[in-house]
Amino acid sequence: MHTTFFRGRRLRRSPVLREMLQETRLAAADLVMPYFVVDTDDKTFRREIGAMPGQFQLSLDTLKEQAAGAVDAGLRSILLFGVPKSKDPQGSEAWNADGIVQKAVRMLKAAWPDLVVITDVCLCEYTSHGHCGLLSVEGAVLNDPTLELLARVAVSHARAGADMVAPSDMMDGRVEAIRTALDRETFYQLPIMSYAVKYASSYYGPFRDAADSAPKSGDRKSYQMDPGNAREGLREAAADLAEGADILMVKPAGSYGDMIRLLADTFDAPVAAYQVSGEYSMIKAAGQRGWIHEEAVILESLLGIKRAGASLILTYFAEELLKKGLVR
Ligand code: PBG
Ligand code: ZN
């Protein structure tokens with residue numbers, strides 16, 4: 001040994017060298033920005049979401065304005081959630097060819113053909129009871145009867161021109177049901193990003209306000225995963241892959257880095273991770289109080305998610321980071 005310095009110490013001396021040697025980097029093409037689009041006659045509608053400062057429920061027109069700014073800043077991909085005019089026990093507005101998500105997809109693809117438009121496929125924003133599937137009279141979520149409805153939703157999004165569908169309902173067998181329905185309509189080329197490892201998480205709180213999708217009774221613990229379980233996630237992911245999923249998603253991202261890594265090491269499919277509403281809210285809240293350096297923490301949180309093995313990150317920070325030039 002010539003010195004007590006480790007190699008890393010010498011290589012950290014210059015900022016340029018540090019940049020050259022950084023193993024994990026964020027890029028615009030890693031990021032997907034979620035938007036909430038509301039079916040309303042008020043064209044100027046734009047309502048800030050209570051616990052998500054900087055995030056809005058948007059009308060078709062204000063979504064177009066918002067997307068224009070984001071695409072200008074380099075945004076490549078959008079995930080769409082819809083808030084319908086009316087709800088019923090089946091969530092039938094979810095597969096209406098003229099529903100709000102279907103209209104938004106058509107608008108976005110007409111304006112920006114290269115933008116990758118992904119749609120969330122679920123029923124909870126559309127059902128009067130707020131669950132992700134059909135309910136029995138006893139209030140249990142009915143797995144199999146829900147599959148056909150989810151398939152209808154996915155096909156309606158595909159017909160509108162979506163580039164990818166992302167089922168988030170967590171019913172067993174839904175990837176196969178959706179794949180079969182898409183293929184029957186000759187959408188062979190349309191990929192499915194499955195919310196494969198989705199936990200029954202308390203981090204979704206602000207989202208349920210944004211998407212008006214809180215269950216009116218009970219919780220989602222019968223169909224979403226227990227936060228204590230890792231091996232079960234492997235089983236969920238393997239099943240979704242076997243059913244035809246193209247991308248596996250882990251959700252939430254921040255508290256589940258082990259699951260991102262486990263999936264990335266176990267399967268040869270791309271892994272996506274969703275930095276969810278509650279993760280956004282916590283960083284924003286602490287940032288607004290000056291308790292943390294907000295921009296630095298945002299970047300560090302996303303770097304951690306990517307370092308864990310995620311190829312795609314769904315994050316409400318995407319637009320802001322691009323607009324500020326913090327990611328390019
Ligand atoms: C709907 C859905 C949820 C999220 C994405 N799709 C909420 C839930 O399952 O209760 C959460 C996203 C977020 O919190 O940002 N199934
Ligand atoms: Zn749902």
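How are the donor residues of the zinc ion (ligand 2) spaced in sequence? They follow the pattern C-x1-C-x7-C. Before going further, a word on ground rules: this is a predicted model, where local features need pLDDT of at least 70, side-chain atom pairs count only at pLDDT 80 or more, and totals for chains, interfaces and linings use all residues. Residues are numbered from 1 along each chain as its sequence is written, chains are lettered from A and ligands numbered from 1 in the order in which they are written, and side-chain values use heavy atoms, with hydrogens and water left out.

**The zinc site**

The protein donors are the SG atoms of Cys122, Cys124 and Cys132, lying 2.2 to 2.3 Å from the zinc ion (ligand 2). Donors here are N, O and S atoms within 2.8 Å of the metal (3.2 Å for Na, K and Ca); water is not among the atoms, so sites may look incomplete. The four donor atoms subtend angles of 101 to 118 degrees, which makes the arrangement tetrahedral (four donors, all angles between 85 and 135 degrees). For reference, the ideal angle for four tetrahedral donors is 109.5 degrees. Cys122 and Cys124 are both buried, meaning under 20% relative accessible area (1.4 Å probe, protein chains only).

**Ligand 1**

There are 17 residues around ligand 1, and Lys198, Arg208, Lys251, Ser277 and Tyr316 come nearest; a residue counts as near if one of its heavy atoms lies within 4 Å. The table gives side-chain polar contacts, that is, pairs of N or O atoms within 3.5 Å.

| Side chain | Distance to an oxygen atom of ligand 1 |
|---|---|
| Gln224 | 2.9 Å |
| Ser277 | 2.7 Å |
| Tyr316 | 2.6 Å |

**Rings and charges**

Tyr316 also turns up in a cluster linked by ring pairs, together with Phe36, Phe81, Tyr195, Phe207, Tyr274, Tyr280 and Phe317. Lys251, one of the residues that come nearest to ligand 1, lies over the face of Tyr274, at 5.3 Å from the ring centre. A charge sits over a ring if NZ of Lys or CZ of Arg is within 6 Å of the ring centre and within 35 degrees of the ring normal. Elsewhere, the charged end of Arg152 sits over the ring of Trp95, 4.9 Å from its centre.

The whole structure holds nine aromatic pairs (ring centres of Phe, Tyr or Trp, the last by its six-membered ring, within 6.5 Å). Tyr199 and Tyr256 have ring centres 4.1 Å apart and planes at 15 degrees, so that pair is stacked (planes under 30 degrees apart). Tyr199 is buried at 0% relative accessibility, and Tyr256 is buried at 8% relative accessible area.

Technical notes
Tetrahedral: all angles 85-135°; square planar, octahedral: opposite > 155°, others 65-115°. Buried < 20%, exposed > 50% of the residue type's maximum accessible area, 1.4 Å probe, protein only. Phe/Tyr/Trp six-rings, centres within 6.5 Å; stacked < 30°, edge-to-face > 60°. Polar contact = N/O pair within 3.5 Å; in protein donor to acceptor, adjacent residues only side chain to side chain.
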